[in-house]
Amino acid sequence: MKQNDTFFLAFFVVIAVLGFAGGLFFRLNNNVKLRKRLLPQYHIGLAVLVALFILIAVASGKSLSLLIVIPILPLITWSNLRNSSICEKCGKFNYTYLYFVKAEYCGKCGAKLQP
Ligand SMILES: [Zn+2]
(Lines give C-alpha, C1' and ligand atoms only; values in the text may rest on other atoms or scores of the structure.)
Protein backbone atom coordinates (compact mmCIF):
# COMPACT_ATOMS: atom_id res chain seq x y z
CA MET A 1 0.00 0.00 0.00
CA LYS A 2 1.40 3.38 -0.98
CA GLN A 3 1.78 6.18 1.58
CA ASN A 4 -0.92 8.18 -0.26
CA ASP A 5 -3.38 5.31 0.09
CA THR A 6 -2.64 4.97 3.82
CA PHE A 7 -3.25 8.70 4.41
CA PHE A 8 -6.61 8.71 2.64
CA LEU A 9 -7.63 5.39 4.23
CA ALA A 10 -6.87 6.88 7.67
CA PHE A 11 -8.90 9.95 6.73
CA PHE A 12 -11.94 7.91 5.72
CA VAL A 13 -11.69 5.62 8.77
CA VAL A 14 -11.48 8.60 11.18
CA ILE A 15 -14.42 10.39 9.52
CA ALA A 16 -16.49 7.19 9.34
CA VAL A 17 -15.86 6.33 13.01
CA LEU A 18 -16.64 9.90 14.16
CA GLY A 19 -19.74 10.02 11.96
CA PHE A 20 -21.00 6.67 13.21
CA ALA A 21 -20.23 7.46 16.85
CA GLY A 22 -21.86 10.89 16.53
CA GLY A 23 -24.91 9.39 14.87
CA LEU A 24 -25.31 6.89 17.68
CA PHE A 25 -24.72 9.51 20.38
CA PHE A 26 -27.20 12.04 18.98
CA ARG A 27 -29.87 9.39 18.43
CA LEU A 28 -29.48 7.23 21.53
CA ASN A 29 -28.27 9.45 24.39
CA ASN A 30 -31.06 10.40 26.80
CA ASN A 31 -29.61 13.76 27.92
CA VAL A 32 -31.43 16.21 25.61
CA LYS A 33 -29.69 19.34 26.95
CA LEU A 34 -26.24 17.80 26.45
CA ARG A 35 -27.08 16.69 22.91
CA LYS A 36 -28.51 20.13 22.02
CA ARG A 37 -25.37 21.80 23.37
CA LEU A 38 -22.95 19.45 21.58
CA LEU A 39 -24.70 19.26 18.18
CA PRO A 40 -23.28 22.53 16.75
CA GLN A 41 -19.83 21.74 18.14
CA TYR A 42 -19.99 18.28 16.55
CA HIS A 43 -20.87 19.64 13.10
CA ILE A 44 -18.26 22.40 13.27
CA GLY A 45 -15.64 20.01 14.68
CA LEU A 46 -16.14 17.55 11.83
CA ALA A 47 -15.81 20.35 9.28
CA VAL A 48 -12.60 21.59 10.91
CA LEU A 49 -11.23 18.04 10.94
CA VAL A 50 -12.02 17.56 7.23
CA ALA A 51 -10.41 20.94 6.46
CA LEU A 52 -7.29 19.94 8.42
CA PHE A 53 -7.01 16.65 6.53
CA ILE A 54 -7.36 18.49 3.24
CA LEU A 55 -4.79 21.12 4.18
CA ILE A 56 -2.34 18.40 5.29
CA ALA A 57 -2.92 16.52 2.02
CA VAL A 58 -2.35 19.67 -0.03
CA ALA A 59 0.67 20.81 2.01
CA SER A 60 2.34 17.43 1.66
CA GLY A 61 1.71 17.37 -2.08
CA LYS A 62 -0.75 14.46 -2.05
CA SER A 63 -3.58 16.19 -3.88
CA LEU A 64 -4.04 19.83 -4.87
CA SER A 65 -7.52 19.24 -6.28
CA LEU A 66 -8.92 18.69 -2.78
CA LEU A 67 -8.72 22.45 -2.24
CA ILE A 68 -12.04 22.75 -4.08
CA VAL A 69 -13.75 21.21 -1.04
CA ILE A 70 -12.59 23.98 1.36
CA PRO A 71 -15.07 26.66 0.17
CA ILE A 72 -17.89 24.09 0.17
CA LEU A 73 -17.30 22.99 3.78
CA PRO A 74 -18.91 26.08 5.40
CA LEU A 75 -21.99 25.61 3.20
CA ILE A 76 -22.27 21.93 4.20
CA THR A 77 -21.74 22.81 7.87
CA TRP A 78 -24.35 25.59 7.74
CA SER A 79 -26.76 23.19 6.04
CA ASN A 80 -26.17 20.52 8.70
CA LEU A 81 -26.60 23.05 11.51
CA ARG A 82 -29.79 24.40 9.98
CA ASN A 83 -31.35 21.06 9.06
CA SER A 84 -30.68 19.11 12.24
CA SER A 85 -32.35 19.65 15.57
CA ILE A 86 -33.24 17.78 18.72
CA CYS A 87 -36.77 17.88 20.09
CA GLU A 88 -36.84 19.22 23.64
CA LYS A 89 -40.10 17.42 24.38
CA CYS A 90 -39.30 13.83 23.33
CA GLY A 91 -35.55 14.00 22.59
CA LYS A 92 -35.78 12.75 18.98
CA PHE A 93 -32.99 13.78 16.62
CA ASN A 94 -34.67 15.43 13.62
CA TYR A 95 -32.97 15.98 10.27
CA THR A 96 -34.64 17.32 7.16
CA TYR A 97 -33.21 16.56 3.73
CA LEU A 98 -35.08 19.50 2.18
CA TYR A 99 -32.22 21.99 1.95
CA PHE A 100 -34.31 25.15 1.70
CA VAL A 101 -37.04 24.23 4.17
CA LYS A 102 -36.28 24.08 7.87
CA ALA A 103 -38.16 21.53 9.96
CA GLU A 104 -40.46 23.32 12.37
CA TYR A 105 -42.09 20.37 14.11
CA CYS A 106 -40.76 17.12 15.56
CA GLY A 107 -41.26 14.09 13.34
CA LYS A 108 -42.07 11.88 16.33
CA CYS A 109 -44.24 13.91 18.74
CA GLY A 110 -45.22 16.96 16.64
CA ALA A 111 -43.87 19.51 19.14
CA LYS A 112 -42.53 22.79 17.77
CA LEU A 113 -38.76 22.55 17.42
CA GLN A 114 -36.68 25.19 19.20
CA PRO A 115 -33.58 26.55 17.46
ZN1 LIG B 1 -40.50 15.32 19.68
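At what angle do helix 2 (residues 32–59) and helix 3 (residues 73–83) pack, and how far apart are their axes? The two helices pack at an angle of about 165°, and their axes are 10 Å apart. Axes here are lines fitted to C-alpha atoms, for helices over the stretch in contact, and angles run from 0 to 180 degrees between N-to-C directions. Helix 2 is therefore roughly antiparallel to helix 3, a term for angles over 145 degrees.

This is a predicted model, in which local features need pLDDT of at least 70 and side-chain atom pairs count only at pLDDT 80 or more, while totals for chains, interfaces and linings use all residues. Residues are numbered from 1 along each chain as its sequence is written.

**Overall form**

The protein chain contains three helices and two strands, in the order α-α-α-β-β from the N terminus. Helices (H or I, at least four residues) and strands (E, at least two) are DSSP runs, numbered from the N terminus. The radius of gyration of the protein chain is 17 Å, whereas a compact globule of 115 residues would have one near 13 Å; the value is taken over C-alpha atoms, and the globule rule is 2.2 Å times the number of residues to the power 0.38. Along the principal axes, the C-alpha atoms fill a box of roughly 50 × 25 × 20 Å. Of the 115 residues, 6% count as buried (20 or more other C-beta atoms within 10 Å of the residue's own; exposed means 12 or fewer, partly exposed in between, with C-beta atoms placed from the backbone).

**The helix pair**

On the side of helix 2, the meeting residues are P40, H43, I44, A47, V50 and A51, and on the side of helix 3 they are L73, I76, T77, N80 and L81. These residues divide into eight nonpolar, three polar and no charged. Nonpolar covers Ala, Val, Leu, Ile, Met, Phe, Trp, Tyr, Cys and Pro; charged covers Asp, Glu, Lys and Arg; the others, Gly among them, are polar.

**Two individual residues**

G19 lies in helix 1 (residues 3–28), and N94 is placed in strand 2 (residues 93–95). G19 counts as exposed because it has 12 C-beta neighbours inside 10 Å. N94 has 17 such neighbours inside 10 Å and so counts as partly exposed. Leaving aside neighbours within four places in sequence, N94 is in contact (C-beta atoms, placed from the backbone, within 7 Å) with S84, S85, C87, A103, C106, G107 and L113.

| Residue pair | Distance along the chain | C-alpha separation |
|---|---|---|
| G19 and Y42 | 23 residues | 9.5 Å |
| N94 and N83 | 11 residues | 8.0 Å |

Technical notes:
Angles under 35 degrees count as roughly parallel, over 145 as roughly antiparallel, 65 to 115 as roughly perpendicular and the rest as oblique. Two residues are in contact if their C-beta atoms, placed from the backbone, lie within 7 Å.
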